[in-house]
Amino acid sequence: MGKHHDRDFKIYAARLVLEEGRKPRELAEELNISTPTLRNWVNIYKETNEEGPADSSIGFSGLSLKEEKDKIIKDLQEENEILKKAMHIFTKQPK
């Protein structure tokens with residue numbers, strides 16, 4: 001069974017291809033997904049976005065690319081803090 005990625009991740013990957021001009025093959029390898037999967041996400045994004053807002057910087061997630069990046073960064077920072085705390089707890093020497 002393959003991996004399942006959340007909607008935000010798919011949107012982010014599709015936008016990297018469409019708005020930042022990333023090459024699907026290279027990006028797919030970087031994200032550890034198959035190229036056909038990434039192209040499928042891009043096609044779905046294109047279809048959905050055509051019916052959405054006229055502003056191309058806002059997609060069907062309702063957030064601009066910068067807002068999406070900021071959200072991802074914030075989430076990763078929170079996750080990193082949790083992992084640091086867990087690492088501290090597990091590396092304590094028993095008394």
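Me: Over which residues does pLDDT stay under 50?
Reply: Over residues 52–60, for which the model has 17 contacts beyond four places in sequence. pLDDT is the predictor's confidence in each residue, from 0 to 100, and a contact means heavy atoms within 4.5 Å.

Me: What does the protein average in pLDDT?
Reply: The average is 83, and 82% of the residues score at least 70.

Me: What are the ground rules here?
Reply: This is a predicted model, in which local features need pLDDT of at least 70 and side-chain atom pairs count only at pLDDT 80 or more, while totals for chains, interfaces and linings use all residues. Residues are numbered from 1 along each chain as its sequence is written, and side-chain values use heavy atoms, with hydrogens and water left out.

Me: Which residues make up the largest nonpolar core?
Reply: There are 12: I11, A13, A14, L16, V17, L27, A28, I33, L38, W41, V42 and Y45. A nonpolar core here is a set of buried Ala, Val, Leu, Ile, Met, Phe, Trp, Tyr and Cys residues joined through side-chain atoms within 4.5 Å. Buried means under 20% relative accessible area, exposed over 50%, and partly exposed in between (1.4 Å probe, protein chains only).

Me: Which helices supply that core?
Reply: α1 (7–20), α2 (24–31) and α3 (35–50) each supply at least two of its residues. α1 gives the most, with five. Helices (H or I, at least four residues) and strands (E, at least two) are DSSP runs, numbered from the N terminus.

Me: And what does A13 touch?
Reply: Leaving aside residues up to four places away in sequence, A13 touches L27, L31, L38 and W41.

Me: Switching to charges: how many salt bridges?
Reply: Seven, where a salt bridge is a side-chain nitrogen of Lys or Arg within 4 Å of a carboxyl oxygen of Asp or Glu. One of them pairs E30 with R22, with the closest N and O atoms 2.5 Å apart.

Me: Is E30 buried or exposed?
Reply: E30 counts as exposed because its relative accessibility is 54%. R22, at 28%, counts as partly exposed.

Me: What does K71 pair with?
Reply: K71 forms a salt bridge with D75, at 3.2 Å between the closest N and O atoms. They are four residues apart in helix α4 (residues 65–91), so about one helical turn separates them.

Me: What about E81?
Reply: E81 meets K84 in a salt bridge, 3.7 Å from N to O. Elsewhere, salt bridges with shared partners join D8, K71 and D75 into one network.

Me: Which residues does the "coiled-coil region" annotation cover?
Reply: The unreviewed UniProt entry gives residues 66–93. In the model that span is 93% helix and 0% strand, with its end C-alpha atoms 43 Å apart. UniProt positions are given in the numbering used here, feature names are shortened, and annotations may be inferred rather than shown by experiment.
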